[in-house]
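Try each task on your own before you read its solution.

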Amino acid sequence: MLKTLFDRDTWQEIFGSIQKNKLRTVVTVIGVLWGIFIYITLSGASKGLDNGFEREFEEVAINSLFVWAQRTSIPFDGFRTGRGLQLKLDDKTYLTQRIPQLQYVAPRIARGVFGGNGSAVKREGKSGNYAIYGDFPILVKIATKDIFDGGRFINQSDIDYQRKVCVIGERTQKELFDEKEDPIGGFVEIDGMYFQVVGVHKYTPGGGFESDSDIFIPFTTFKLLYNTGNNVDWFAMAAYDDADVVAVEADIKAALKVKHRVHPDDERAFGSFNLGEVFNKVKGFSKGMNILSLIVGIATILAGVIGIGNILLISVRERTKELGIRRALGATPSEVRMQIIIESVFLTLVAGILGIILGSFVLAIINLMTSGGTSFPYTNPTVPIKFILGALGLMVGLGTLIGLIPAQRAVSIKPIDALREE
Amino acid sequence: MGKSTLHVLKGVDFGVESGEMVAIMGSSGSGKSTLLNILGMLDVADSGTYDLDGKVIKDLDETKAAIYRNKFLGFVFQSFNLISYKTALENVMLPLYYQKINRKERQKRALKFLEHVGLGPWATHHPNELSGGQKQRVAIARALVSEPKVLLADEPTGALDTKTSYELMGLLQSINDQGITLLIVTHEEDIANMCKRIVHVRDGVIVEDKKIKQVKASQYVE
């Protein structure tokens with residue numbers, strides 16, 4: 001069998017019969033080519049979507065979670081139901097001591113984010129109303145903040161000295177500063193207090209509730225400005241990479257319930273949100289897309305290969321006489337069969353490889369067209385090499401199987417009947 | 001190819017010696033072609049025995065039949081049966097391909113036989129560029145290239161005009177003179193007379209089997 005496969009004469013025989021009917025060969029090849037093309041394009045596209053989602057989530061740590069306080073829904077420990085809860089700065093130490101899986105905890109406080117007005121911000125006659133966040137430098141470990149060149153985010157000494165510095169958004173800069181003005185080092189007045197601008201942050205979409213006009217100031221300065229004491233609005237946290245975010249989230253809430261004397265079964269006392277779960281849902285979606293493209297692709301390849309089998313069946317019928325002559329001259333049935341099967345596999349493979357090339361070409365074009373914008377979650381559409389090899393293997397297998405039918409037909413006729421055929 | 005069976009041959013008993021040139025004669029439907037096909041292992045007899053070169057040919061599966069055909073037999077058909085997309089040379093090379101002989105050797109041998117039938121210069125022509133007589137000579141070269149013991153010809157001159165027929169018979173006679181056994185099915189008296197023995201088949205039985213004095217085809221061809 002292997003000897004037949006690598007024999008130059010075998011190929012000459014096969015090329016001879018393929019060249020005999022070029023149009024039919026081309027049409028046949030298109031069937032499978034289309035199948036593999038669909039497969040490659042689809043799975044490449046779904047991989048691109050996958051990569052796109054991954055890129056979107058790159059901005060935030062995938063294992064990050066957020067916890068905030070709400071109202072109790074179960075009376076407990078002498079407290080009535082509906083008691084408003086307030087997170088405090090010392091909850092951070094409480095949590096980090098009890099939950100070792102927590103890598104970073106950033107207490108946050110804000111005005112004008114969840115209802116309520118933002119703060120009035122003025123500068124040289126220009127003014128606006130913006131959301132103000134009181135933050136710790138550790139926040140950037142959980143949610144990346146892109147700061148334009150020349151600026152910085154809040155640092156530890158800002159916290160220590162309660163400095164009146166702020167990081168403003170792209171839009172804030174546009175609205176409060178002239179176009180050619182360098183905002184770094186400039187001053188803005190937030191609720192009657194002057195702050196020096198130390199950085200401008202880039203707006204990144206998909207980050208939740210934050211916008212391009214947010215102003216970040218040191219947590220300690222916020223506390224001073226708005227007299228919020230040790231209150232914390234919510235904790236932004238990140239678990240270690242190998243931790244199960246959902247379990248960590250449950251642990252955190254349980255710990256907080258103990259500290260804030262809330263009934264252990266009170267589901268509504270603390271609210272939380274974790275990106276890991278959302279990320280897994282999105283991953284599940286793109287996994288579904290992958291499976292879908294796999295099924296569609298394989299089904300299309302199958303249809304194409306059946307097409308090849310069909311055409312070969314016709315071809316064998318047309319060549320009945322020729323095959324009869326060959327058998328009269330001494331071709332054994334297995335030689336005739338082998339020739340037709342190799343023909344089938346060869347056609348399938350050539351079609352497949354052309355399809356892969358065409359599919360890759362289309363993917364490259366799609367990539368070129370989508371790589372510019374960031375709004376569409378689509379990056380680097382690729383098909384893993386093992387999928388391609390798998391598809392090729394599948395085609396060889398199917399090509400052989402489907403080739404068996406015409407091959408068997410070719411030898412099922414007695415040579416004398418084959419010779420009589422006109 | 002329906003289910004109905006027709007008994008074409010009804011008990012045929014004859015032998016051919018090595019080096020003979022036998023004409024099998026009969027009108028159409030007499031069973032002469034069937035007899036040749038059974039001898040050529042293209043068809044199988046319902047019963048009876050068949051010895052070829054001292055070997056009993058029986059329980060023939062297609063694979064074995066193919067190997068015997070390739071080794072011992074050469075075929076010439078009325079309609080030439082050349083493969084249209086192959087050149088004359090490639091057609092002649094084909095039996096050797098199935099003998100797994102390498103390409104160079106096949107080419108060499110095939111060319112020798114093409115030259116032998118006088119078609120050396122036509123080696124690279126396709127069958128549709130050849131005349132009927134030339135096509136049949138290519139077919140003869142193809143039948144001879146595997147150096148068979150017996151050459152079986154089914155109406156070899158059936159599609160040719162008289163002059164070409166005689167030329168072809170001359171070629172077959174010269175092949176026979178080299179010691180190859182020939183069986184020729186024909187219904188033409190003059191063709192049969194160019195053989196050395198005539199077997200008449202009618203309604204599936206041999207009605208006459210006689211040795212004759214061979215008429216040399218060369219006397220008709222100037």
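**Exercise 1. Find the partner of β4(B), and say in which sense the two strands pair.**

Step 1. β4(B) pairs with β5(B) in the parallel sense, over four bridges; strands pair if DSSP finds at least two bridges between them. Strands here are DSSP runs of E with at least two residues, helices are runs of H or I with at least four, and both are numbered from the N terminus.

Step 2. Look across from B:Phe75: B:Leu152 in β5(B) stands opposite.

Step 3. Now check the two faces of β4(B). B:Leu73 and B:Phe75 on one side are buried, as are B:Gly74 and B:Val76 on the other, and both faces are covered. Buried means that 20 or more other C-beta atoms lie within 10 Å of the residue's own, with exposed at 12 or fewer and partly exposed in between; C-beta atoms are placed from the backbone.

A note before going on: this is a predicted model, in which local features need pLDDT of at least 70 and side-chain atom pairs count only at pLDDT 80 or more, while totals for chains, interfaces and linings use all residues. Residues are numbered from 1 along each chain as its sequence is written, and chains are lettered from A and ligands numbered from 1 in the order in which they are written.

**Exercise 2. Give the strand order of the open sheet in chain B, and say which strands stand at the edges.**

Step 1. The six strands run β4-β5-β6-β1-β7-β8, with mixed pairing.

Step 2. β4 (73–76) and β8 (205–211) of chain B each have a single partner strand, so one side of each has no neighbour in the sheet.

Step 3. From one strand to the next, the twist averages 15 degrees.

Step 4. Within the sheet, β1 (residues 21–25) and β7 (residues 197–202) of chain B pair in the parallel sense over four bridges. B:Met25 has B:His200 in β7(B) as its bridge partner.

**Exercise 3. Describe how α2(A) and α12(A) pack.**

Step 1. Their axes are 10 Å apart, at an angle of about 70 degrees.

Step 2. α2(A) is therefore roughly perpendicular to α12(A) (65 to 115 degrees counts as roughly perpendicular).

Step 3. Among the residues that make the contact are A:Ile14 and A:Ile18 of α2(A), and A:Ile342 and A:Phe346 of α12(A). Contact means C-beta atoms, placed from the backbone, within 7 Å.

**Exercise 4. How many residues of chain A are in contact with chain B?**

Step 1. The number is 21, and they meet 20 residues of chain B.

Step 2. Among the elements of chain A that each supply at least two residues of this side are α2 (8–20) and α12 (333–370).

Note on methods. Contact = placed C-beta atoms within 7 Å. Axes fitted to C-alpha atoms, helices over the stretch in contact; angles between N-to-C directions. Parallel < 35°, antiparallel > 145°, perpendicular 65-115°, else oblique.
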